[in-house]
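Subject: Structure handover

Hello,

I am passing this structure on to you. Please look through it first; my notes follow below.

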Amino acid sequence: MLDIQLLRSDLEGVAARLATRGFVLDTARFHELEVRRKAIQMRTQELQSRRNSASKLIGQAKAKGEDTTAIMAEVALVGDELKTTEVQLVELQAELQIMLEGLPNMPYESVPVGASEADNQELRRVGSAPVFDFAVKDHVELGEGLGGLDFETAAKISGARFSVLKGGLARLHRALAQFMLDTHTDQHGYTEVYVPYLVNAASMRGTGQLPKFEEDLFRVPRQMGEGGEQNFYLIPTAEVPVTNMVRDEIVPLEQLPLKFVAHTPCFRSEAGSAGRDTRGMIRQHQFEKVELVQMVHPDESPAALEQLLGHAEMILQKLGLHYRVVRLCSGDIGFSSAITYDIEVWLPAQDTYREISSCSSFEAFQARRMQARFRNSAGKPELLHTLNGSGLAVGRTLVAVLENYQQTDGSIVIPEVLRPYMGGLEKLAR
RNA sequence: GGAGAGGUGGCAGAGUGGUCGAAUGUACCUGACUCGAAAUCAGGCGUAGCGUUAUACGCUACCGAGGGUUCGAAUCCCUCCCUCUCCGCCA
C-alpha cells in the first residue's frame, strides 16, 4: 500500500511513476473522494465533539439532580445527523481504502522503464554453460529414464501439474533443500523458521496477495461457530507467513535486521497460465522453495537487496550451475515490488535461461499494509522495509541439476556439495 | 469434543454506565541530591486520523474483533476470534 499522504501531496507525481509500469491512476476519482472525505470527516468530528461535551454536561447536571430535558432534546438532533454522517464517512473511507489497496508499488528510479519481459535488463552472466557432445535430454526424459519421476501417478492421485518423485531423485530433491537451508543459516546469517502453510486472509492482505490476486490462490473454506465462515489460504510462498511474523509488531531497533529462511511447500492455482509450461516440473500446483526474508531499517534496504541477491546466487555457484541476473523492467515487476532481480538458470534442453529466483524489495509497501514497524532512534514507531527472494526454488533447481549434470548414458553426476546429503553418492543411475 | 477462567498502555495490573485515554506498580526519559553511581524526591512518558505543510495547539477515534442498547459504553447485551487451566481423544 502506498502512503496516502504522498497521494495527497503529490498525486500527479505518483500517477507518473505508476504510469511507467502501465498502471493508470484515476486521479480525478481520488481527488473527488478526498474532497468528500475531508468535508464529511470534519463535519462528523465536529458533531462528535458537540455530542461528547453535551453528554458530559448531562452527567454533571444529573449528579446535581438538575433537569436535563432541554439539553437532551438538543443532543438528540446532533445524534440524528451524526448517524448519517458516520455512515457516509465509513463508506467513503472504505472506498478510498479499496482504491489504495488496488495501487501497485512505485518502481525505484533505477528500474528500467518497459512494457514486458522483453524490456528486462540482463546485468551479468556467471559461470558457463556445459558443453555436451551428445544430444541432451530434458529433465522429464532423464527423470523417467531413472525411474524417479512419475507424472502419470501424480495425475491419478491429484491431476495435472503435480509430480511424484521416487528413490534417488526424491532424495536429491530433499538434499537440495537441506543444502540451501544449511548454507543460508551457517554462512549467510539467517535464522531458520518453520511456519504454517495455511494462513488467514489478513496475512494474505499484508503481503499483497489479497484482495487483488485471489484467483491465484488455493482457498480452504473453514466452518466456524454459529454459521460463521472463515477461509484459510494455502501459502503461494513462504514470504507470506514469514513476513507476517512482524505484522502489527514494533521491533526494537537493536534487533534489526531480521533475517529469516524457511523451507516450505508452495501452492499456486496457476489460473491464467493454461498451456504454459505444461511439460515437466517447471510450473506445478505444488512445489518446494527455500525463501529468504529480511526486515530492515529503511536506510539499509537497497544494500540488503544486493546482499540477499548474492546469497541466492551463491547457491547456484556452489552447485556449479550457469546463470544470469536480470533486472526486471517497470512493466514486469510484481504488484508489491519496488525493484526485482530475477536469477535465471541455464537449462540446456530448452537452450535457454529459466527463472529460478526472484529477489525483491518492497520498501514500506508491505509494512504499511501490515503495520510492521520498528522503534527508531528517536523512540518513535516507523515502518520497516521488507525484502525477500527465493534461495532457491527447489523443484526448478532439481530440473537444472538433472539437465546440466546429465551424462551420455542418462545418468546424473551429483554436484560435490550435495554428496554429503546423498550418503556420499556420486552419481544417480538406473 | 466437554467444563471453567480470561483478553485493558512496553510489561504487570485496577477499573462493572458519566468528571476514564484509563488508577497503581514497573520499565524508560528529564531534572534535583551526589565527585559519580545506587537509593530517594519531582516531572514526563500509548497509537492513529483530521484541522495542517508543522516533534506546537485543538478536535476525533482506539481497552481482542464486529454489531447492538444509551444523551453517554473499557463497563450492559449479542456474535465471533484468540489465550490459559482441567477432562476426553489423538500424530
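Chain A has 12 helices and 18 strands, where helices (H or I, at least four residues) and strands (E, at least two) are DSSP runs numbered from the N terminus. This is a predicted model, in which local features need pLDDT of at least 70 and side-chain atom pairs count only at pLDDT 80 or more, while totals for chains, interfaces and linings use all residues. Residues are numbered from 1 along each chain as its sequence is written, chains are lettered from A and ligands numbered from 1 in the order in which they are written, and side-chain values use heavy atoms, with hydrogens and water left out.

Overall picture

Taken along the principal axes, the C-alpha atoms of chain A fill a box of roughly 100 × 50 × 45 Å. The chain has 430 residues, and 49% of them count as buried; buried means under 20% relative accessible area, exposed over 50%, and partly exposed in between, with a 1.4 Å probe and protein chains only. Among the contacts in chain A with a separation of 6 or more, 72% come from residues 24 or more positions apart. Contact means heavy atoms within 4.5 Å.

Helix pairs

Helix H3 (residues 27–64) and helix H4 (residues 69–101) have axes that come within 8 Å and cross at roughly 150 degrees. That makes H3 roughly antiparallel to H4. The axes are lines fitted to C-alpha atoms, for helices over the stretch in contact, and angles run from 0 to 180 degrees between N-to-C directions. Angles under 35 degrees count as roughly parallel, over 145 as roughly antiparallel, 65 to 115 as roughly perpendicular and the rest as oblique. The crossing of H3 and H4 is left-handed (the near helix is turned anticlockwise from the far one by less than a right angle; clockwise would be right-handed). Sorted by class, the contact of H3 with H4 has 16 nonpolar, six polar and 10 charged residues. Here Ala, Val, Leu, Ile, Met, Phe, Trp, Tyr, Cys and Pro count as nonpolar, Asp, Glu, Lys and Arg as charged, and the others, Gly among them, as polar.

The axes of helix H7 (residues 167–186) and helix H10 (residues 301–319) come within 11 Å and cross at roughly 125 degrees, so H7 and H10 are oblique to each other. Their crossing is right-handed. On the H7 side the contact includes Phe 179 and Met 180, and on the H10 side Ala 312 and Ile 315.

Aromatic rings

Rings of Phe, Tyr and Trp (its six-membered ring) pair if their centres lie within 6.5 Å; planes under 30 degrees apart count as stacked, over 60 as edge-to-face and the rest as tilted. By this rule there are six aromatic pairs. In one of them, Phe 179 and Tyr 421 have ring centres 6.4 Å apart and planes at 70 degrees, so the pair is edge-to-face. Phe 179 lies in helix H7 and Tyr 421 in the loop between strand E17 (412–413) and strand E18 (427–428), so the pair ties together parts that are 242 residues apart in sequence. Phe 179 is buried at 5% relative accessibility, whereas Tyr 421 is partly exposed at 23%. Phe 213, Phe 335 and Phe 365 form one aromatic cluster.

Around Ser 336

Ser 336 sits in the loop between strand E11 (323–327) and strand E12 (339–347). With a relative accessible area of 7%, Ser 336 is buried. Leaving aside residues up to four places away in sequence, Ser 336 touches Asn 105, Thr 207, Gly 208, Phe 362, Phe 365 and Gln 366.

Regards
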